[in-house]
Amino acid sequence: MPRFSVIVPAYKVQAYLHECLESVLTQSYPDLELIAVDDCSPDACGAIIDEFAARDPRVRAVHLPRNRGLGPARNAGMAEATGDYLLFLDSDDTLTPDSLQAIAGRLKETGEPDVLVYDYARTFWTGETVRNQAAAHLAEEGPAPFRLTDRPGLLGLLMVAWNKAYRREFVEAEELVFPTGYYEDTPWTYPVLMSAGSIATLDRVCVHYRQRRHGGILGTVSPRHFDVFEQYDRVFAYVDKRPELARWRPLLFRRMVDHLVVVFARRDRLPRHSRAEFLRKARTYYRRYHCPAGPLPPRVRLHHALVRMGLHRTYHVLRCTAAVLRRAARTAVRLRRALRAGALRLHYRVQRCLPVRADRAVFAAHGVPAHGCHPGALERAFRAHAPHIRTAWVTGAGERDALPSGVRPLRPDSAAYWTALARSRYLVHNAAFDRRLVKRPGQVLVQTRRGTPFQRTGLDLRGRPGADPDVDGLLADVDTWDYLVSPSRYATLTWERAFPGAYTVLEYGSPRADVFRRATPADTVRVRGELDVPEDAVVILYAPTARAYRRAPVDLHRVACRMGPRHIVLARAPHGHDGPLAAASDRVLDVTGHRSVEELCLASDALVTDYSSLMADYVCLDRPVVLLTDDWEAHEAVRGTYLDLRACPPGAVARGEDELIDIFTSGHWRGSRSAELRAAFRRRFCPHDDGRAAERVVRHVVLGEPDSPPVVPSARRPVPPPAEPRPRAPLGVVPRPASPRTVTESR
């Protein structure tokens, strides 16, 4: 007898069925049976199911002789089920990795309840993923299991069958089945929750609910949406048979009216000629099942009044009026924005007529949540070595608390922002300032870029698919640069070709890496404590670069589980990536929104990346780096690189997910060969990083001391991770110090 019976009915979903079935069969919890029901689908669904059944004995294929609909197809699957618990999954949706493992653990923890309710996330055809907004009802605080009377808020969730696990004996004892027609989940879910003797919740996304652009049942205009009335007849008939459930009638009545309003209001459901008939029938059902529902918000009260009186024309007039008011409001907003923009342009012109302030500096960083990257390191150096300069940081309203004390926040496109850009002597950025910026005589612009360039950039992106730059705009920005901070001769030569201009190159090292040279093990312990990472965990920071041609490069949950119980993955999505790299769990932590990538580096034992410039700074910690280059050819064709990192890597190289797992399970990630590669990489790409790169920039640009302080190779000491409670293999060796050299300017 398997633990889970996963029932998947299929009809006209051949494009999505493979992914759905694979998401079940690749679960880390293998004790399951997959019952795939071909509802006499006219496409290839039946053949796909047979293919899966032939290759995996856990798959049981059920073929219906004629199309019965979603409800009867689920019933056919239940008749074949033998598992302890039943799970339903629509054939265009997917289970998230490790979801069955989490469900099994929660069932055991809560004493085998009749029903376990878990969470879902909507995945849109655009690639966006949005978690259920009512997830607060699934909080695991408080006693469990419980009855619905203890937490009636569960009835506020989406009434679907696929976000729950049902004990099969409970379903059979209650003789619960799905009806025919649309909205078949309604007369199933309400009776399940009301009659369950024990319920538990799991606050974890276990299902990705696909939002298809076309083809979804609920997004199809059809008179079959009238089935919703019969489904509520079944719900109230079930309540009438059980007097102990009469307490739920007021809440069920309100949920019914809200549901009918949704069906009526959506333009993609009812045929236009049947809308008046639908509202008249809704009025009949309102009166049939009316029950005082308590105080209602004004908007809900209005909807109830329209349904109660069946005012189709009134509803249409109100809807048109609301649309007119919304358009008027949008027009007013656009007008207000235009007036504000004009006032700010005038303000900026006036400020440019006033003298430049020699004691002001403005810093900004692209792709950084708050204070960080190379501009952040330079801002700290300004305050330390040129305290007479008042610094300001361009940041959003929600990120001001992350700024260090003494740093003035500037909200983009505000009057203070334009005043600072017009009158500050020093402007520091890692990308491009506002294109409306007019650089004045006496202003000094310091450009840092975002790290050692391994991928093509600047003019070298010309002709690349999806990355062809605006050459005129790029060169206009380059012409405003006075200084370009470079970490190495390699970066200097690359940037001078990609960004040709009359600026001065300061080949002084990587300012962002300064913190790694000065950090202590206590800093690592502090950051791990903030992240709530166990002391004995092996922490892997996964920080890939952005890709335009695929979304999730690696299955982080599978990797973390295969690495071993002590391994935890910190997943940091690249800037511009839509959503996290993986759903959060106890083994995979989403740290995309963390205030500082430098702190994440300090918290980790190793870095896994691909083509990101972060590796050139991370090696200054003298901790292992592993490259994952499974899509090297595709990335080279789309974005392009300056060198083959596989030939000069900072550590072990994995050509795929399985090799990545093997590198960590075998210990090669921190072996002697990894240390040798890391040392050679550091000598080539980080020759000046001794912890004083930012200081050298400030002394040159602000204090006029171009030759101080010199690079001190002997100051390069590794920053070890915190000591572990048991012995572990060494992370590597410290490279032999290079001979001293004088840092000079390059043109």
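Me: Which residues of H7 meet which ones in H9?

Reply: Val 228, Phe 229, Glu 230 and Asp 233 in H7 meet Phe 278, Lys 281, Ala 282, Tyr 285 and Arg 288 in H9. Contact here means heavy atoms within 4.5 Å, and helices (H or I, at least four residues) are DSSP runs numbered from the N terminus, as are strands (E, at least two). This is a predicted model, where local features need pLDDT of at least 70, side-chain atom pairs count only at pLDDT 80 or more, and totals for chains, interfaces and linings use all residues. Residues are numbered from 1 along each chain as its sequence is written, and side-chain values use heavy atoms, with hydrogens and water left out.

Me: At what angle do H7 and H9 pack?

Reply: About 10°, with the axes of H7 (residues 227–241) and H9 11 Å apart. That makes H7 roughly parallel to H9 (the cut-off is under 35 degrees, on a scale from 0 to 180 degrees between N-to-C directions).

Me: Ok, what about H1 and H2, how do they cross?

Reply: The axes of H1 (residues 14–25) and H2 (residues 45–55) come within 9 Å and cross at roughly 25°. H1 is therefore roughly parallel to H2 as well.

Me: Which residues make the contact of H1 and H2?

Reply: From H1 they include Leu 17, Leu 21 and Leu 25, and from H2 Ile 48, Ile 49 and Phe 52 are among them.

Me: Changing topic: where is Leu 296?

Reply: Leu 296 sits in the loop between H9 (275–288) and H10 (298–309).

Me: Why does Leu 296 count as buried?

Reply: Because its relative accessibility is 16% (buried means under 20%). Leaving out residues up to four places away in sequence, Leu 296 touches Arg 254, Arg 301 and His 304.

Me: And the sheet, what order do its six strands take?

Reply: The order is E19-E18-E17-E20-E21-E22, an open sheet with parallel pairing. Two strands pair if DSSP finds at least two bridges between them.

Me: Which strands stand at the edges?

Reply: E19 (588–590) and E22 (653–654) do, each with a single partner strand, so one side of each has no neighbour in the sheet.

Me: How many bridges join E20 to E21?

Reply: Three, between E20 (residues 606–609) and E21 (residues 625–628). Val 608 has Val 626 in E21 as its bridge partner.

Me: Which strands does H18 lie across?

Reply: H18 (residues 556–563) lies across E17 (538–542), E18 (567–571) and E19, and runs at about 155° to E18.

Notes:
Parallel < 35°, antiparallel > 145°, perpendicular 65-115°, else oblique. Buried < 20%, exposed > 50% of the residue type's maximum accessible area, 1.4 Å probe, protein only.
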